[in-house]
Amino acid sequence: MCATCGCGAESGAPGHDHDHHHDHDHHHDRPPIETVLLEQQVLAKNDLLAAGIRARLDDGGVTALNLMSSPGAGKTTLLERTIADLGSTIPVAVIEGDQETRLDAERIGAAGCPVVQVNTGAGCHLDAQMMRDALAVLEPGAGTLLFVENVGNLVCPALFDLGEHAKVVIVSTPEGADKPLKYPHIFAVADLVIVNKVDLLPYVDFDLESCSHHAKSVNPDSELIALSATTGEGLDEWYRWIARRRSVSR
Ligand code: MG
Ligand code: ZN
């Protein structure tokens, strides 16, 4: 059990250090306040690691974007398309978070992009330690646009700073426009909300205006881009947003 998010990560999962799990087991029967304090310690340690990662990425001229969504919203498809469109002019690299498989990493590799797979096992999010380990293998060069595809989950990835420069939350039209209300924590930390699969709008019950309204109600500072990674509609705006982020973080 992941002590921080309580959503199933086992003690053997990469990045979940042994002390934290030992403590977790040891305090298993303590009252809830102990658990809250432990969570705060885990997150404080993660934030410290993440701050170091961000500083090193800044020094190295790397811009890192953390992509989060529920399973099937289209993170990998959007990445494939983005690599195809930007990869010839910008060095792009990807860290792939997935519970068990290398399937998404194989798709990214086939798109011609350096990629490192992080398998979280029963774990349901990436954390800063996993990010650091992946970066040690990937070694992105100066000017790299680094995408992190987080584990498909709209809950605990919201808690874990990876040292990225921006958090992007993707929601797809078949999922419904109420996602920002149902998962407010992740939308609250999003710099950008992408509504993907707008090509399906004629066939699904999804109101773009109300999704935008809900996202703004949770996070007035978040931006929203509606696009389709398959038809290409709206991708220009996504690429302009990326260009702005890259100029900010350099
Ligand atoms: Mg994927
Ligand atoms: Zn988790």
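Modeller: Start with a definition: two strands pair if DSSP finds at least two bridges between them. Strands (E, at least two residues) and helices (H or I, at least four) are DSSP runs, numbered from the N terminus. This is a predicted model, so local features need pLDDT of at least 70 and side-chain atom pairs pLDDT 80 or more, while totals for chains, interfaces and linings use all residues. Residues count from 1 along each chain as written, chains are lettered from A and ligands numbered from 1 in written order, and side-chain values use heavy atoms, without hydrogens or water.

Biologist: How many helices and strands are in the protein chain?

Modeller: Nine helices and seven strands.

Biologist: What is the strand order in the sheet?

Modeller: Strands of a sheet pair through backbone hydrogen bonds, parallel or antiparallel. Here the sheet is open, has seven strands and pairs in parallel, in the order 3-2-4-1-5-6-7. Strand 3 (115–119) and strand 7 (223–226) are at the edges. Each has a single partner strand, so one side of each lacks a neighbour in the sheet. On average, neighbouring strands are turned by 20° against each other, direction ignored.

Biologist: How many bridges join strand 1 to strand 4?

Modeller: Five, between residues 63–69 and residues 145–149. T63, for one, has L145 as its bridge partner.

Biologist: Which strands does helix 4 touch?

Modeller: Contact means heavy atoms within 4.5 Å. Helix 4 (residues 103–110) packs on the sheet and touches strand 2 (92–98), strand 3 and strand 4. Its direction makes about 165° with that of strand 2. Such angles run from 0 to 180 degrees between N-to-C directions of axes fitted to C-alpha atoms, for helices over the stretch in contact. Helix 8 (residues 208–218) also packs on the sheet, touching strand 5 (166–172), strand 6 (192–196) and strand 7. The direction of helix 8 makes about 160° with that of strand 6.

Biologist: Which residues of helix 3 are buried?

Modeller: Buried means under 20% relative accessible area (1.4 Å probe, protein chains only). In helix 3 that covers K75, T76, L78, L79, T82, I83 and L86. Down the axis of helix 3, the buried residues fall within an arc of 155°, so they line one face. The arc uses directions from the helix axis to the C-beta atoms.

Biologist: Which residues coordinate the magnesium ion (ligand 1)?

Modeller: Donors are N, O and S atoms within 2.8 Å of the metal (3.2 Å for Na, K and Ca); water is absent, so sites may look incomplete. T76 (OG1), D104 (OD) and E149 (OE) coordinate the ion at 2.0 to 2.1 Å. T76 lies in helix 3 and D104 in helix 4, 28 residues apart. T76 counts as buried because its relative accessibility is 5%. D104, at 16%, counts as buried too.

Methods:
Buried < 20%, exposed > 50% of the residue type's maximum accessible area, 1.4 Å probe, protein only.
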